[in-house]
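Please read these points with the sequence and the model open. They go through the chain feature by feature.

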Amino acid sequence: MTVFYFIIEFLCGSLMFSYWLGLAVKKDLTNVGDGNPGAFNLWLAAGFKLGLLGVLLDFLKGYFPLVVLVQRQLIADLSIATVAFAPILGHAFSPFLRGRGGKAIAVTFGVWSAVTQFKVSLVYAVILAILYVIARMVYKGENTPTETDGFMVVFGMWMLGLYLFFRAFPYYLLLLWLENSLLITYKNKGKLQVFFKDVYSKYWNRDTTIGM
């Protein structure tokens with residue numbers, strides 16, 4: 001049954017609601033911003049109302065039917081790590097977009113809300129909020145570049161692992177976190193490359209030049 005549930009969850013995750021909502025208002029999200037066909041680009045392209053709807057739908061496809069499977073104990077232990085990862089994977093590599101998908105942030109929140117009764121997703125939200133406040137201070141109140149946003153999402157997810165480890169969450173949730181972290185890192189690899197290149201040129205390279 002684990003394989004069956006995995007397929008169902010993958011298909012749920014692969015439903016690109018935000019992309020389709022964008023098309024409904026004649027906005028192709030793949031041509032907006034960084035080309036990510038997800039809820040945050042929908043927000044950028046069509047405004048906060050439609051963007052919020054996209055966030056909600058992407059969250060819910062990660063939350064349902066996973067929460068039902070967990071609460072009814074249809075999946076447990078290692079199968080949770082497998083099945084819960086499926087909607088995230090489906091969103092990131094949607095067959096409806098020929099394998100192209102979004103960054104899977106909203107779906108990630110939905111999944112962790114389902115498997116931990118919102119505990120871990122709330123912690124991740126707090127981590128991102130703290131990182132955002134720090135970033136706003138660094139950029140002196142100006143909007144943060146998309147590359148910095150990508151770094152915060154990835155760094156925040158890896159930091160979340162410390163919370164899971166020190167709070168002694170079960171091994172299968174640690175495995176789910178590792179899968180999730182690797183995928184989000186991969187989906188943001190382009191932004192990370194630009195971010196670290198900018199940091200190097202701004203700070204490290206400047207320091208070595210002064211030293212010379």
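1. Lys 26 is exposed, with a relative accessible area of 80%; here buried means under 20% relative accessible area, exposed over 50%, and partly exposed in between, with a 1.4 Å probe and protein chains only. Lys 26 sits in the loop between helix H2 (17-24) and H3. Helices (H or I, at least four residues) are DSSP runs, numbered from the N terminus. The phi of Lys 26 is near 60 degrees, a positive value in a residue other than glycine.

2. On the source: this is a predicted model, in which local features need pLDDT of at least 70 and side-chain atom pairs count only at pLDDT 80 or more, while totals for chains, interfaces and linings use all residues. Residues are numbered from 1 along each chain as its sequence is written, and side-chain values use heavy atoms, with hydrogens and water left out.

3. Other backbone points deserve a look. Most residues other than glycine have a negative phi, and most peptide bonds are trans. Phe 118, in the loop between H7 and H8, has a positive phi near 75 degrees. Phe 118 is partly exposed, at 42% relative accessible area. Just after H8, Lys 140 also takes a positive phi, of about 55 degrees. A cis peptide bond joins Phe 64 and Pro 65, with omega about -5 degrees; Pro 65 lies in the loop between H4 and H5.

4. Helix H8 covers residues 119-138, which is 20 residues. At 1.5 Å a residue H8 should span 28 Å, and its end C-alpha atoms are 29 Å apart, which agrees; the expected span is 1.5 Å times one less than the number of residues.

5. Which residues of H8 are buried? They are Val 120, Ser 121, Val 123, Tyr 124, Ile 127, Leu 128, Leu 131 and Ala 135. Seen down the axis of H8, these buried residues fall within an arc of 160 degrees, so they line one face of the helix; the arc is that of the directions from the helix axis to the C-beta atoms. An α-helix has 3.6 residues a turn, so residues three or four places apart point the same way. On the other side of H8, Lys 119, Leu 122 and Met 137 are exposed. The cover over the buried residues of H8 includes helix H7 (105-116) and helix H9 (146-166).

6. The largest nonpolar core has 44 residues, of which Leu 66, Ile 75, Trp 112, Val 115, Leu 160, Leu 173 and Leu 176 touch the most other members. A nonpolar core is a set of buried Ala, Val, Leu, Ile, Met, Phe, Trp, Tyr and Cys residues joined through side-chain atoms within 4.5 Å. Two or more residues of this core come from each of helix H4 (48-63), helix H5 (66-71), helix H6 (78-92), H7, H8, H9 and helix H10 (171-187). Apart from this core lies another, of eight residues, among them Met 16, Leu 21, Leu 42 and Ala 45.

7. Leaving aside neighbours within four places in sequence, Val 115 is in contact (heavy atoms within 4.5 Å) with Leu 66, Val 70, Ile 80, Ala 84, Leu 173 and Leu 176. Thr 148, in helix H9, is buried at 5% relative accessible area. Not counting residues up to four places away in sequence, Thr 148 touches Ala 135, Tyr 139 and Phe 195.

8. The largest pocket holds about 1,000 Å³ of space. On a 1 Å grid over the protein atoms alone, a pocket is an open set of points with protein on both sides within 12 Å along at least five of seven lines, a cavity is a set where a 1.4 Å probe fits but cannot get out, and lining residues have an atom within 4 Å of a point. Of the 29 residues lining the largest pocket, Phe 40, Ile 105, Asp 149, Gly 150 and Val 153 are the closest to its centre. H8 gives the most to this lining, with six residues.

9. How many cavities of 30 Å³ or more does a search of the whole structure find? The search finds one, and the largest cavity contains about 70 Å³ of space. Its lining includes Asn 36, Phe 40, Asp 58, His 91 and Lys 103. H7 supplies the largest share of that lining, three residues.

Conventions
Grid points are joined across faces, edges and corners, and a volume is the space filled by probe spheres set on the points.
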